[in-house]
Amino acid sequence: MTAVATVIGDLVGSRTSQDRSDLHQRLGSVLAEVNDLVTPVRGLWVTAGDEYQGTYATVQHAVRATLLVRVRLWPAHDVRHGIGWGETTVLDEAGIEDGPGWWAARAAIDAAERAAETPAQRWLRTAYVVADGAEGGADPALVNAGLVLRDERVSGLSERSVSVLRGLLSHETQRDLAEALGISASAVSQRVRADGLAAIVAAHDLLAPEGDR
């Protein structure tokens, strides 16, 4: 078996949604978009209830995918992610998977949920755990440090700033974004500077495969 980066995602507070059917259709559409943008080993798919999962060849790919899912749903809906690293195995012909990689992802999403219950990290939505004995994964301390800073910044963004961030992550120019959003170019530039959007995009792009930068 080969170790992979596993992702478990969960819609936060979705049970209070007035139209759960519409929400899940929106989630499915977002997951399909992200699968086209970040190459998976097995694409993100809804598993049961409010959860979805997927696997990636590298932790970098998984980190990129979790940001793209969140900014496509935020602030109307929020999501929580656990990223694991470890081996996985297919249990049956239906494609059901298990193994240390998935246990690590489950431990990670549980850790993110516990952290969000504390005042200091109430905005945390993503955590990363390496399975015991797994080799080749990224350093958990370094990854989680970056996730803490990323999630804090994204959680504080207004709807308009998130719209700008989505465009920047798609490599749209600030001028094009201003026209699309019906605001001035200077207003877009101000949001980029004041909300730290350029830093989020720069960190995201550093994790891209070299040919995509």
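Me: Contact means heavy atoms within 4.5 Å. With that in mind, which residues is Ser155 in contact with, leaving aside neighbours within four places in sequence?

Reply: Ser155 is in contact with Arg70, Trp74 and Trp123. A word on the model before we go on: it is predicted, local features need pLDDT of at least 70, side-chain atom pairs count only at pLDDT 80 or more, and totals for chains, interfaces and linings use all residues. Residues are numbered from 1 along each chain as its sequence is written, and side-chain values use heavy atoms, with hydrogens and water left out.

Me: Where is Ser155 found, and what makes its link to Arg70 a polar contact?

Reply: Ser155 is found in helix 4 (residues 140–155); helices are DSSP runs of H or I with at least four residues, strands are runs of E with at least two, and both are numbered from the N terminus. A polar contact is a pair of N or O atoms within 3.5 Å; within protein, one must be able to donate a hydrogen and the other to accept it, and residues adjacent in sequence count only if both atoms are side-chain atoms. The side chains of Ser155 and Arg70 are joined at 2.9 Å, so the pair falls within that limit. Ser155 also has a side-chain polar atom 3.0 Å from the backbone oxygen of Trp123.

Me: How do you know whether Glu97 is buried or exposed?

Reply: Its relative accessible area is 19%. Buried means under 20%, exposed over 50% and partly exposed in between, using a 1.4 Å probe and protein chains only, so Glu97 is buried. You will find Glu97 in strand 6 (residues 97–98).

Me: Which side chains make polar contacts with the side chain of Glu97?

Reply: Two to look for are Arg42, at 3.3 Å, and Trp102, at 3.0 Å. Leaving out residues up to four places away in sequence, Glu97 touches Arg42, Thr55, Thr88, Thr89, Val90, Leu91 and Trp102.

Me: Why is helix 2 called oblique to helix 5?

Reply: The two helices pack at an angle of about 140°, with their axes 9 Å apart. Axes are lines fitted to C-alpha atoms, for helices over the stretch in contact, and angles run from 0 to 180 degrees between N-to-C directions. Under 35 degrees counts as roughly parallel, over 145 as roughly antiparallel, 65 to 115 as roughly perpendicular and the rest as oblique, so helix 2 is oblique to helix 5. Leu67, Leu68, Val71 and Arg72 of helix 2 make the contact with Val162, Leu165, Arg166 and Leu169 of helix 5.

Me: What classes of residue does that contact divide into?

Reply: The contact of helix 2 with helix 5 has six nonpolar, no polar and two charged residues. Here Ala, Val, Leu, Ile, Met, Phe, Trp, Tyr, Cys and Pro count as nonpolar, Asp, Glu, Lys and Arg as charged, and the others, Gly among them, as polar.

Me: What makes helix 5 oblique to helix 6?

Reply: Helix 5 (residues 159–169) and helix 6 (residues 174–181) pack at about 135°, with axes 10 Å apart. That angle is why helix 5 is oblique to helix 6. On the helix 5 side the contact is made by Arg160, Ser163, Val164, Gly167 and Leu168, and on the helix 6 side by Gln174, Leu177 and Leu181. By class, this contact has four nonpolar, three polar and one charged residues.
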